[in-house]
Amino acid sequence: MHGTVTDLYFYPIRGLSAQRLDAVSVGPDRGFPLDRCWALPTRNGEYRTVRDRPLGSGNVHGPTMDPRLAGVATSFDPESEWLEVRVQDHLVLACSLASEGGVAEAEEFFARVLDLEPEDRPHLVRRADAGYNFAYTASVSTSLTWACHVVNLASVRDLEERIGRPVDPLRFRANLYVDLGEPWIENDLLGRTFRVGDVQLRGEMATARCAATEVSLETAERDIPIPRLLMTHYGHTDFGIYANILTEGELRPGMDVAATAAEDAL
């Protein structure tokens with residue numbers, strides 16, 4: 001199995017837009033650094049009583065339950081913690097999340113987007129330390145805290161052919177987009193090691209798709225029932241895999257992707 005990295009992304013605020021990376025330094029104890037290091041917990045959810053830990057999907061705002069968030073394009077500088085938000089290419093918010101006032105301003109903005117009363121406005125929280133993040137996998141198992149999400153563009157093309165319409169790969173919210181040439185061959189990496197450049201990874205878990213993938217990133221409306229179509233055409237709702245990063249190194253677009261020989265596996 002051979003392929004190529006096409007794009008790298010991280011998601012500073014869980015449930016909000018992707019930011020493309022030209023390169024990223026990764027490792028077993030950090031995955032994609034700063035990925036999902038912020039989140040929008042619901043005001044009356046689990047975060048109210050149990051803070052400073054990963055949160056399940058039912059306790060954070062995101063496109064699964066709040067499709068309007070897909071129409072919000074965020075740009076976040078992790079060093080300065082400066083957040084800019086655009087809607088239809090218009091700048092609608094610019095604030096520093098390094099200050100309490102800036103966080104409150106952002107919370108008020110997202111409450112308006114979500115049409116929530118002031119008492120129900122979401123929290124906007126930064127992880128308390130570098131020992132966890134707000135990724136979905138971190139809420140499943142501590143062993144998957146730093147897993148990266150891998151999507152094969154050949155599988156996206158196969159899905160497009162089956163359903164007869166284009167599908168934006170960013171609907172799947174992956175960190176590592178690769179083109180393996182053949183559709184669905186990424187599932188052969190589950191339980192196996194593989195290499196991206198000199199970085200070694202291991203496929204851990206298939207990605208079960210939810211209603212978030214139904215939402216158009218252009219219109220913020222549900223327009224393609226991805227989970228139902230996956231079940232209709234393939235008999236399951238999985239698309240992509242989660243992989244743990246086993247060794248230190250740098251990832252860049254254009255790098256080779258290859259399954260690791262058994263004798264080289266860690």
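R127 touches L34, C37, Y132, N133, F134 and W146, where contact means heavy atoms within 4.5 Å and residues up to four places away in sequence are not counted. The structure is a predicted model, in which local features need pLDDT of at least 70 and side-chain atom pairs count only at pLDDT 80 or more, while totals for chains, interfaces and linings use all residues. Residues are numbered from 1 along each chain as its sequence is written, and side-chain values use heavy atoms, with hydrogens and water left out.

R127 lies in the loop between β8 (125–126) and α2 (136–140); helices (H or I, at least four residues) and strands (E, at least two) are DSSP runs, numbered from the N terminus. R127 is buried (under 20% relative accessible area, 1.4 Å probe, protein chains only). R127 has no salt bridge, defined as a side-chain nitrogen of Lys or Arg within 4 Å of a carboxyl oxygen of Asp or Glu. The nearest side chain of opposite charge, D129, is 6.7 Å away. A polar atom of the R127 side chain lies 3.3 Å from the backbone oxygen of Y132.

Elsewhere, β5, β6 and β7 form, in that order, an open antiparallel sheet of 3 strands. Its edge strands, each pairing on one side only, are β5 (73–77) and β7 (90–96); pairing requires at least two DSSP bridges between two strands. Strand β6 (residues 82–87) pairs with β7 over 6 bridges, and E84 stands opposite A94 in β7. Helix α1 (residues 100–113) packs on the sheet and touches β6 and β7. The direction of α1 makes about 145° with that of β7, the axes being lines fitted to C-alpha atoms, for helices over the stretch in contact, with angles from 0 to 180 degrees between N-to-C directions.

Definitions and conventions
Buried means under 20% relative accessible area, exposed over 50%, partly exposed in between (1.4 Å probe, protein chains only). Lys and Arg count as positive and Asp and Glu as negative; His and the chain ends are not counted. A polar contact is a pair of N or O atoms within 3.5 Å; within protein, one must be able to donate a hydrogen and the other to accept it, and residues adjacent in sequence count only if both atoms are side-chain atoms.
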